[in-house]
Amino acid sequence: TVLVSVLAPTHALLVVLDAVMAYLAFSVLYVNYAIFSTFLTMETVFLLTFVTPQPLMTAADRAIDTAVGGVLALLIYALWPTWELSQVPSNIAKRLEAIRRYVVAILEAYANPDTYDALTVHNLRMEVRLARSNAEASVERSLQEPEPHRVDLDLAQGLLRAADAIAQSILTLEANLLDNPSRHALPELIPLIRNVDESLRLLVTAIREGRPVKALPNLQKELQAMKPTGKLDTSTYDETRADLRLVTAEVKRIIRSINVMNQLLATKLEKYE
């Protein structure tokens, strides 16, 4: 404003100054919002000088308007927060529910290859990705609330990390399905699939309702009891055993993540019961 008032730049110089200030403003937008606002104010003053050749008055009006807007924003923030805290459990539960459906679809494709449907699995994978971004955004929004209304960050991030680990294991198993289209049925997985499904259902309900799980199925026992069924000829034995080893390794990771989520809920939520 002082530059405009004292130097009285030409329109050509104002155009240059306006362009430079706009460039500098948006260059630091994601670095420091205060610096961004400073450059944006300068850009606005230079721009309005074309139509209102009184830069001091323009700067004063903008300062007053900014101050009033800032006070109103802080007042509204304090009196009417967005209450994102109430939405976080639901969004995390939706994330885990999407993963549950994806897990069941992929494991059932190993148990019975005829159940595999590429379009269905693709849609489930997209739902998992969308639910992930929604849950993470919900947690981030909650952290912008007044402190008494913020989410328990350790619990939320712990649940999301465990859910990510499950998703990564299922992505690995799906990739193996795509790389080996001529696969062999593993019906011995069926009891384990039912129990993994039930465990995830219980966790989804517990997260949504904000309470610990009373008891989960004994997944480790089911995994240890799992043995090949039926007769395998020599030509398919090695391939089937390789598939079973891969599934077993990834299911172990899934079970570990399920137990982590259960422990987090028990530790963080039992005090509210």
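# Talking through an all-helix chain

Trainee: Helix H2 of this predicted model covers residues 11-27. What distance does H2 reach from its first C-alpha to its last?

Mentor: Good place to begin! H2 has 17 residues, and at 1.5 Å a residue a span of 24 Å is expected. The helix in the model comes close to that expectation, reaching 24 Å.

Trainee: Which residues of H2 are buried?

Mentor: Buried here means under 20% relative accessible area. Four residues of H2 are given as buried, and they are Leu14, Asp18, Met21 and Ala25.

Trainee: Stepping back, how many helices and strands does the chain have?

Mentor: Reading from the N terminus, the elements run α-α-α-α-α-α-α-α-α-α. The count is therefore simple to state, by the rule that helices are DSSP runs of at least four residues and strands of at least two. The chain has 10 helices and 0 strands.

Trainee: What radius of gyration does the chain have, against that of a compact globule of 273 residues?

Mentor: Start with the C-alpha trace, which spans about 95 × 50 × 25 Å along its principal axes. A compact globule of 273 residues would come out near 19 Å, whereas the radius of gyration of this chain is 29 Å.

Trainee: What share of the 273 residues is buried?

Mentor: For background, the chain exposes about 15900 Å², with carbon and sulfur atoms supplying 60% of that area. Among its 273 residues, the buried share is 37%.

Trainee: Let's turn to the rings. Which geometry does the pair of Phe26 and Phe36 have?

Mentor: The whole structure holds 2 aromatic pairs. In this one the ring centres of Phe26 and Phe36 are 5.5 Å apart and the planes stand at 65 degrees; since planes over 60 degrees apart count that way, the pair is edge-to-face.

Trainee: Is Phe36 buried or exposed?

Mentor: Phe36 sits in helix H3, 10 residues from Phe26 in helix H2. Phe26 is exposed, at a relative accessible area of 52%. Phe36 has a relative accessible area of 7%, so Phe36 is buried.

Trainee: Which geometry does the pair of Tyr33 and Phe36 have?

Mentor: Tyr33 and Phe36 are 3 residues apart in helix H3, or about one helical turn. Tyr33 is exposed, with a relative accessible area of 58%, and together with Phe26 and Phe36 it forms one aromatic cluster. The Tyr33 and Phe36 rings have centres 5.4 Å apart and planes at 40 degrees, so this pair is tilted.

Trainee: One last stop, Ser138. Which residues does Ser138 touch, not counting those up to four places away in sequence?

Mentor: Ser138 lies in helix H6 (residues 118-143) and is buried, with a relative accessible area of 0%. Ser138 and Gln87 are 51 residues apart in sequence, but their C-alpha atoms are 7.1 Å apart in space. The residues touched by Ser138 are Glu84, Gln87, Val88 and Asn91.

Key
Residues numbered from 1 in each chain as written. Predicted model: local features only at pLDDT ≥ 70, side-chain atom pairs only at ≥ 80, totals over all residues. Heavy atoms only, no water. Expected span 1.5 Å × (residues − 1). Buried < 20%, exposed > 50% of the residue type's maximum accessible area, 1.4 Å probe, protein only. Rg over C-alpha atoms; globule rule 2.2 N^0.38 Å. Areas by Shrake-Rupley, 256 points an atom, 1.4 Å probe, with all protein chains shown as cover. Phe/Tyr/Trp six-rings, centres within 6.5 Å; stacked < 30°, edge-to-face > 60°. Contact = heavy atoms within 4.5 Å.
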